[in-house]
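Me: I've got a model open and I'd like to learn how to read its features. Can you walk me through it?

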Amino acid sequence: MNYWLMKSEPDVFGIEHLKKMPKKTEHWDGVRNYQARNMMRDEMKKGDMVFFYHSNCTEPGIVGIMEVVREGYPDFTAFDPEQKYYDPKSDPDKPCWYMVDVRYKRMTKRLISLQELKGYKALEDCPLVRKGNRLSIMPLTKKQWDFILKLEDKKPG
(Lines give C-alpha, C1' and ligand atoms only; values in the text may rest on other atoms or scores of the structure.)
Protein backbone atom coordinates (compact mmCIF):
# COMPACT_ATOMS: atom_id res chain seq x y z
CA MET A 1 0.00 0.00 0.00
CA ASN A 2 1.12 3.52 -0.81
CA TYR A 3 0.34 6.76 1.02
CA TRP A 4 -0.38 10.12 -0.58
CA LEU A 5 -1.43 13.68 0.03
CA MET A 6 -3.68 15.37 -2.53
CA LYS A 7 -4.39 19.10 -2.50
CA SER A 8 -7.55 20.86 -3.59
CA GLU A 9 -9.00 24.28 -2.98
CA PRO A 10 -12.03 23.89 -0.69
CA ASP A 11 -14.17 26.32 -2.71
CA VAL A 12 -13.41 24.43 -5.95
CA PHE A 13 -13.65 20.85 -4.64
CA GLY A 14 -13.32 20.36 -0.92
CA ILE A 15 -13.81 17.37 1.31
CA GLU A 16 -17.46 18.35 1.87
CA HIS A 17 -18.01 18.07 -1.90
CA LEU A 18 -16.52 14.57 -1.90
CA LYS A 19 -18.70 13.54 1.04
CA LYS A 20 -21.83 14.51 -0.90
CA MET A 21 -20.95 12.60 -4.08
CA PRO A 22 -22.79 9.36 -4.89
CA LYS A 23 -21.04 6.57 -2.97
CA LYS A 24 -18.80 9.36 -1.58
CA THR A 25 -16.62 8.73 -4.63
CA GLU A 26 -15.37 11.01 -7.40
CA HIS A 27 -12.67 11.19 -10.05
CA TRP A 28 -9.71 13.45 -9.26
CA ASP A 29 -9.49 15.41 -12.49
CA GLY A 30 -7.72 18.48 -13.76
CA VAL A 31 -4.15 17.61 -12.76
CA ARG A 32 -1.98 19.33 -15.33
CA ASN A 33 1.52 18.70 -14.04
CA TYR A 34 3.49 15.85 -15.62
CA GLN A 35 5.12 14.66 -12.40
CA ALA A 36 1.75 14.48 -10.60
CA ARG A 37 0.18 12.88 -13.68
CA ASN A 38 2.86 10.18 -13.68
CA MET A 39 2.17 9.38 -10.03
CA MET A 40 -1.55 8.96 -10.74
CA ARG A 41 -0.94 6.97 -13.92
CA ASP A 42 1.91 4.75 -12.76
CA GLU A 43 2.08 4.60 -8.97
CA MET A 44 -1.33 5.07 -7.36
CA LYS A 45 -3.00 1.74 -6.68
CA LYS A 46 -6.45 0.70 -5.55
CA GLY A 47 -6.47 0.66 -1.75
CA ASP A 48 -3.82 3.38 -1.35
CA MET A 49 -4.63 5.85 1.41
CA VAL A 50 -4.70 9.60 0.84
CA PHE A 51 -4.81 12.68 3.02
CA PHE A 52 -7.20 15.32 1.65
CA TYR A 53 -5.47 18.69 1.98
CA HIS A 54 -7.25 22.03 1.59
CA SER A 55 -4.97 24.53 -0.14
CA ASN A 56 -5.14 28.19 -1.08
CA CYS A 57 -7.43 29.06 1.82
CA THR A 58 -7.24 30.92 5.14
CA GLU A 59 -5.67 27.98 6.97
CA PRO A 60 -4.32 25.30 4.63
CA GLY A 61 -4.03 21.81 6.02
CA ILE A 62 -5.14 18.20 6.18
CA VAL A 63 -8.89 17.84 6.69
CA GLY A 64 -9.67 14.23 5.89
CA ILE A 65 -8.78 10.81 4.57
CA MET A 66 -9.71 9.16 1.28
CA GLU A 67 -8.89 5.91 -0.48
CA VAL A 68 -7.95 5.29 -4.11
CA VAL A 69 -10.74 3.11 -5.51
CA ARG A 70 -9.85 3.19 -9.22
CA GLU A 71 -6.35 3.28 -10.64
CA GLY A 72 -5.18 5.78 -13.24
CA TYR A 73 -7.19 6.21 -16.43
CA PRO A 74 -7.38 8.98 -19.05
CA ASP A 75 -8.75 12.28 -17.75
CA PHE A 76 -11.75 12.73 -20.04
CA THR A 77 -12.11 16.39 -19.06
CA ALA A 78 -9.04 17.07 -21.23
CA PHE A 79 -10.95 16.01 -24.38
CA ASP A 80 -14.00 18.26 -24.01
CA PRO A 81 -13.68 21.92 -25.08
CA GLU A 82 -16.56 22.77 -22.74
CA GLN A 83 -14.61 21.58 -19.69
CA LYS A 84 -12.47 23.80 -17.49
CA TYR A 85 -9.47 21.47 -17.86
CA TYR A 86 -9.69 21.01 -21.64
CA ASP A 87 -6.34 20.45 -23.37
CA PRO A 88 -6.41 20.44 -27.19
CA LYS A 89 -3.13 18.46 -27.26
CA SER A 90 -4.74 15.51 -25.47
CA ASP A 91 -6.92 13.07 -27.38
CA PRO A 92 -8.64 9.82 -26.42
CA ASP A 93 -6.27 7.74 -28.60
CA LYS A 94 -3.20 9.36 -27.08
CA PRO A 95 -4.16 10.93 -23.74
CA CYS A 96 -1.79 13.35 -22.03
CA TRP A 97 -3.58 13.45 -18.69
CA TYR A 98 -4.77 10.86 -16.20
CA MET A 99 -6.91 10.72 -13.08
CA VAL A 100 -7.86 8.30 -10.32
CA ASP A 101 -11.10 7.80 -8.43
CA VAL A 102 -11.08 8.46 -4.69
CA ARG A 103 -13.61 7.66 -1.97
CA TYR A 104 -14.20 9.64 1.21
CA LYS A 105 -13.26 7.66 4.33
CA ARG A 106 -13.53 10.22 7.12
CA MET A 107 -12.74 13.71 8.33
CA THR A 108 -9.64 14.09 10.45
CA LYS A 109 -10.48 14.77 14.09
CA ARG A 110 -9.21 18.31 13.57
CA LEU A 111 -7.54 20.42 10.92
CA ILE A 112 -3.84 19.62 10.87
CA SER A 113 -2.45 22.85 9.51
CA LEU A 114 0.53 23.35 7.24
CA GLN A 115 2.00 25.69 9.84
CA GLU A 116 1.83 22.92 12.44
CA LEU A 117 3.26 20.29 10.08
CA LYS A 118 6.24 22.54 9.33
CA GLY A 119 7.14 22.53 13.01
CA TYR A 120 7.94 18.81 13.32
CA LYS A 121 11.44 17.49 12.73
CA ALA A 122 9.93 14.09 11.88
CA LEU A 123 8.38 15.68 8.78
CA GLU A 124 11.37 17.66 7.52
CA ASP A 125 11.74 15.26 4.55
CA CYS A 126 8.02 15.40 3.73
CA PRO A 127 7.52 17.03 0.31
CA LEU A 128 4.68 19.16 1.68
CA VAL A 129 6.90 21.14 4.04
CA ARG A 130 9.88 21.58 1.71
CA LYS A 131 10.22 25.02 0.17
CA GLY A 132 9.19 25.40 -3.44
CA ASN A 133 6.95 22.35 -3.63
CA ARG A 134 3.91 23.19 -5.74
CA LEU A 135 2.72 19.69 -6.63
CA SER A 136 -0.94 18.95 -5.94
CA ILE A 137 -0.16 15.27 -5.37
CA MET A 138 2.73 13.98 -3.34
CA PRO A 139 3.85 10.65 -1.93
CA LEU A 140 4.26 10.08 1.79
CA THR A 141 6.19 7.35 3.53
CA LYS A 142 4.38 5.03 5.93
CA LYS A 143 6.36 6.66 8.74
CA GLN A 144 5.16 10.16 7.70
CA TRP A 145 1.56 8.90 7.33
CA ASP A 146 1.58 7.32 10.79
CA PHE A 147 3.16 10.40 12.37
CA ILE A 148 0.53 12.70 10.85
CA LEU A 149 -2.30 10.37 11.94
CA LYS A 150 -1.06 10.58 15.54
CA LEU A 151 -1.27 14.38 15.37
CA GLU A 152 -5.08 14.13 15.27
CA ASP A 153 -5.11 13.43 18.99
CA LYS A 154 -2.64 16.16 19.93
CA LYS A 155 -3.46 19.77 20.54
CA PRO A 156 -2.07 21.96 17.75
CA GLY A 157 1.48 23.19 18.29
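Me: Let's start with the strands. In which sense do strand β2 and β5 pair, and over how many bridges?

Reply: Keep in mind that this is a predicted model. Strand β2 (residues 25-27) pairs with β5 in the antiparallel sense, over three bridges. To find your place in that pairing, look for Glu-26, which stands opposite Val-102 in β5.

Me: How many bridges join β4 to β5?

Reply: There are 10 bridges between β4 and β5, and the two run antiparallel. A handy landmark here is Ile-62, opposite Ile-112 in β5. When you look along a strand, remember that in a regular one the side chains alternate between the two faces of the sheet.

Me: On to helices. Which residues of helix α3 are buried?

Reply: The general idea: an α-helix has 3.6 residues a turn, so residues three or four places apart point the same way. In helix α3 (residues 34-43), the buried ones are Ala-36, Arg-37, Met-39 and Met-40. Looking down the axis of α3, you'll find these within an arc of 160 degrees, so they line one face of the helix.

Me: What do the buried residues of α3 pack against?

Reply: Four strands: β1 (3-8), β4 (61-74), β5 (98-113) and β6 (137-140). While you're there, check the start of α3, where a side-chain oxygen of Asn-33 comes to within 2.9 Å of the backbone nitrogen of Gln-35.

Me: Which residues touch the most other members of the largest nonpolar core?

Reply: In soluble globular proteins, nonpolar side chains tend to be buried together. Here the largest nonpolar core has 21 residues, and Met-6, Trp-28 and Ile-137 touch the most other members. At least two residues of this core come from each of β1, α2 (15-20), α3, β3, β4 and β5. There's also a second, separate core of 20 residues, with Leu-5, Ile-65, Ile-112 and Trp-145 among them.

Me: What does Ile-137 touch, leaving out residues up to four places away in sequence?

Reply: Its partners are Trp-4, Leu-5, Met-6, Val-31, Ala-36, Met-39, Met-40 and Met-44.

Methods. Residues are numbered from 1 along each chain as its sequence is written. This is a predicted model: local features need pLDDT of at least 70, side-chain atom pairs count only at pLDDT 80 or more; totals for chains, interfaces and linings use all residues. Side-chain values use heavy atoms; hydrogens and water are left out. Buried means under 20% relative accessible area, exposed over 50%, partly exposed in between (1.4 Å probe, protein chains only). The arc is that of the directions from the helix axis to the C-beta atoms. Contact means heavy atoms within 4.5 Å. A polar contact is a pair of N or O atoms within 3.5 Å; within protein, one must be able to donate a hydrogen and the other to accept it, and residues adjacent in sequence count only if both atoms are side-chain atoms. Two strands pair if DSSP finds at least two bridges between them. A nonpolar core is a set of buried Ala, Val, Leu, Ile, Met, Phe, Trp, Tyr and Cys residues joined through side-chain atoms within 4.5 Å.
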